[in-house]
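Me: Here is a structure I would like to go through with you. Can we take it in short steps?

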Amino acid sequence: MDMAQVHARGLVLLGCGKMGSAMLQGWLADGFPPDAVTVLDPFPSDWLKAQGVRLNAPLPAAPAIVLVAVKPQMMADALPVLKPFGGGETLFLSVAAGTPISFYEDVLGAETPIIRAMPNTPAAVGRGITAIIGNTYATADQLDLADHFLSAVGEVVRLGDESEMDAVTGLSGSGPAYVFHMVEAMARAGMAEGLPEALAMRLARATVTGAGELLYQSGESATQLRINVTSPNGTTAAALDVLMAETDGLPDLMVRAVKAAADRSRELAK
Ligand SMILES: NC(=O)C1=CN([C@@H]2O[C@H](COP(=O)(O)OP(=O)(O)OC[C@H]3O[C@@H](n4cnc5c(N)ncnc54)[C@H](O)[C@@H]3O)[C@@H](O)[C@H]2O)C=CC1
Ligand SMILES: O=C(O)[C@@H]1CCC=N1
């Protein structure tokens, strides 16, 4: 199936909060026609209401793709409305953390093509990364379709095993929040060294977005780019001595943070 057929048969979004909206924003910016999108969400945001999508309208007869983007805790209540599309030509794509493929098979029928995906919010500006894995019923063509569709909002990686999804969630799914928190922490540190709040936030924000863009554009490794900033016996080396400390340094802290997220993802599966 090509994108013209996806447009013709329609896309359904079940749940369109922060993640659903981030992806929808990316697809609309990429030229996906808004009137080919039907969104089911009892609490639509003002942003969503202004997009020209079919909001809480009757569902198309056989949508090409259904994107499930409700919270895992709401899934059992929300998903049954999509049962009529199970076992048919509709490809299910779920971004819910924790919820295993087997859950969707139980509700929709085992002969339903289901792809579990873990995106992240930079999808809103076309710079997300989404990991995907399909159930046994999802064909190679359907995985290609999901890959192509998700590529409009960033990079796509395919997993070899569903068990990798918990670690992916802890790394790239939740990861943007770690970076935003680093901006907050850097700004606070600048304030502790005497800078006014607005200036500290501006410096921290520009530093993180600039460093991210340099990493993106230069093709150099993160390690080499770090070395490029670090003059021998200079200021950066003094800071890195603290950040790279073996215990309680950033690597240690990051291992614990990502583990906590992955553990929570495993817990949600129960
Ligand atoms: N926020 C993020 O960065 C990421 C979120 N996810 C996953 O995306 C899913 C959604 O997360 P968020 O967008 O952050 O949450 P959210 O709370 O912003 O969005 C959930 C949406 O579902 C709607 N909803 C509630 N009950 C519903 C029902 N019965 N039918 C249809 N819609 C209903 C809510 O009104 C809300 O707009 C979660 O499963 C989460 O694990 C995955 C990757 C990243
Ligand atoms: O916090 C969460 O549970 C979701 C999954 C990954 C990012 N946000």
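Predicted model: local features only at pLDDT ≥ 70, side-chain atom pairs only at ≥ 80, totals over all residues.

Me: Which hand does the crossing of H7 and H12 have?
Reply: The two axes come within 8 Å. H7 passes H12 in a crossing that is right-handed.

Me: Which residues of H12 does H7 meet?
Reply: From H7, the residues in contact are Asp166, Ala167, Thr169, Gly170 and Leu171. By class, the contact has five nonpolar, three polar and three charged residues. The partners in H12 are Val258, Lys259, Ala261, Ala262, Ser265 and Arg266.

Me: Which element gives the largest share of the shell around ligand 1?
Reply: Of the 26 residues around ligand 1, Gly15, Gly17, Ala78, Ala96 and Ala97 come nearest. Two elements give two or more residues to this shell: H2 (18–29) and H4 (75–78). The largest share is three residues, and it comes from H2.

Me: How many charged residues does the shell around ligand 1 have?
Reply: Sort the shell by class. There are 16 nonpolar and six polar residues. The charged residues number four.

Me: How many polar residues are around ligand 2?
Reply: The residues around ligand 2 are Ala97, Thr169, Gly173 and Ser174. One is nonpolar and none is charged. The polar residues number three.

Key
Residues numbered from 1 in each chain as written. Chains lettered and ligands numbered in written order. Near = placed C-beta within 6 Å. Helix = DSSP H or I, 4+ residues; strand = E, 2+ residues; numbered from the N terminus. Nonpolar A, V, L, I, M, F, W, Y, C, P; charged D, E, K, R; others polar. Axes fitted to C-alpha atoms, helices over the stretch in contact; angles between N-to-C directions. Left-handed = near helix turned anticlockwise from the far one by under 90°. Contact = placed C-beta atoms within 7 Å.
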